[in-house]
Amino acid sequence: VLFQCMTGGVNWQDVLDVLAERTSPLVALPFCLYIAFTVLAMLNVITGVFVESAIASTRAENSLDLLNSLREVVERMKDVGSNTLSWENFQNELNNPRMLSYFKSIDLDPSEAEGLFRLLDPDETGQIDVEDFIMGCLRLHGAAKAIDLTTLMCEVRWLRRRWHEHAYFIEQEIAGLQGYY
């Protein structure tokens, strides 16, 4: 009966009238408290779902706006006729309001920009592919420790490249030694 009262199967006022007549009017108090508590609990859950949905939508929209803003800034920074970004062009755009806004969103001080560029340039060529730069910046968006993880990823990539170079060197040396036997 309580479930039917809450789901609209039975009018709870009819149940309350029967309860008060056949038992005691004091039974009406716990019944009304149950109805009030259940209605408020359902409203709270429904409100929570809508609020969470709105927050997720806003977060996604902000991330998309941030990505578009970053793409626009990077398009102005990239080298003419190529799809790379040089340190000089990057440095010239550091005071751009959109770039400063992006740095603020990833909790990165503009004074750390050179460190960011070096992170994203593991070859140390002074040039970064535009898409690598954008993806690297997107990885930094989030938790405060994201820059540490990105640093680690870049160092591992560098070590892996060095390992392959060393392995190739060793293979060549072993191949050269096989002629002696």
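Biologist: How many disulfides does the structure hold?
Modeller: The count is 0 disulfides. Keep in mind that this is a predicted model.

Biologist: Take Cys-154. Buried or exposed?
Modeller: Cys-154 is buried, at 6% relative accessible area.

Biologist: And what about Cys-32?
Modeller: Cys-32 is partly exposed. Its relative accessible area is 31%, which falls between the 20% and 50% cut-offs.

Biologist: Helices next. How do α2 and α3 cross?
Modeller: Their axes come within 10 Å and cross at roughly 160°. Helix α2 covers residues 12–22, and helix α3 covers residues 28–77.

Biologist: Roughly parallel or roughly antiparallel?
Modeller: Roughly antiparallel, because the angle between α2 and α3 is over 145 degrees.

Biologist: Left-handed or right-handed?
Modeller: The α2 and α3 crossing is right-handed.

Biologist: Which residues make the contact?
Modeller: On α2, Trp-12, Val-15 and Leu-16. On α3, Ala-28, Phe-31, Cys-32 and Ile-35. So Cys-32, the partly exposed cysteine, is one of the contact residues.

Biologist: Switching to serines. Where does Ser-86 lie?
Modeller: Ser-86 is in strand β1, residues 84–86.

Biologist: Buried or exposed?
Modeller: Ser-86 is buried, because its relative accessible area of 4% is under the 20% cut-off.

Biologist: What does Ser-86 touch?
Modeller: Leaving out residues up to four places away in sequence, Ser-86 touches Asp-79, Phe-117, Gly-126 and Gln-127.

Biologist: And Ser-105, where is that found?
Modeller: Ser-105 belongs to helix α5, residues 97–105. With 27% relative accessibility, Ser-105 is partly exposed.

Biologist: How far apart are the C-alpha atoms of Ser-105 and Gln-127?
Modeller: They are separated by 24 Å, with the two residues 22 apart along the chain. Gln-127 also turned up in the list of residues touching Ser-86.

Biologist: Last topic, the backbone. What is the phi of Glu-124?
Modeller: It is positive, about 60°, and Glu-124 is not a glycine.

Biologist: Why flag that?
Modeller: Because most residues other than glycine have a negative phi.

Biologist: Where is the place of Glu-124?
Modeller: Glu-124 sits in the loop between α6 (113–120) and β2 (127–129).

Biologist: Buried or exposed there?
Modeller: Glu-124 is exposed, since its 69% relative accessible area is over the 50% cut-off.

Terms used:
Residues are numbered from 1 along each chain as its sequence is written. This is a predicted model: local features need pLDDT of at least 70, side-chain atom pairs count only at pLDDT 80 or more; totals for chains, interfaces and linings use all residues. Side-chain values use heavy atoms; hydrogens and water are left out. A disulfide is a pair of cysteine sulfur atoms within 2.5 Å. Buried means under 20% relative accessible area, exposed over 50%, partly exposed in between (1.4 Å probe, protein chains only). Axes are lines fitted to C-alpha atoms, for helices over the stretch in contact, and angles run from 0 to 180 degrees between N-to-C directions. Helices (H or I, at least four residues) and strands (E, at least two) are DSSP runs, numbered from the N terminus. Angles under 35 degrees count as roughly parallel, over 145 as roughly antiparallel, 65 to 115 as roughly perpendicular and the rest as oblique. A crossing is left-handed if the near helix is turned anticlockwise from the far one by less than a right angle, and right-handed if clockwise. Contact means heavy atoms within 4.5 Å.
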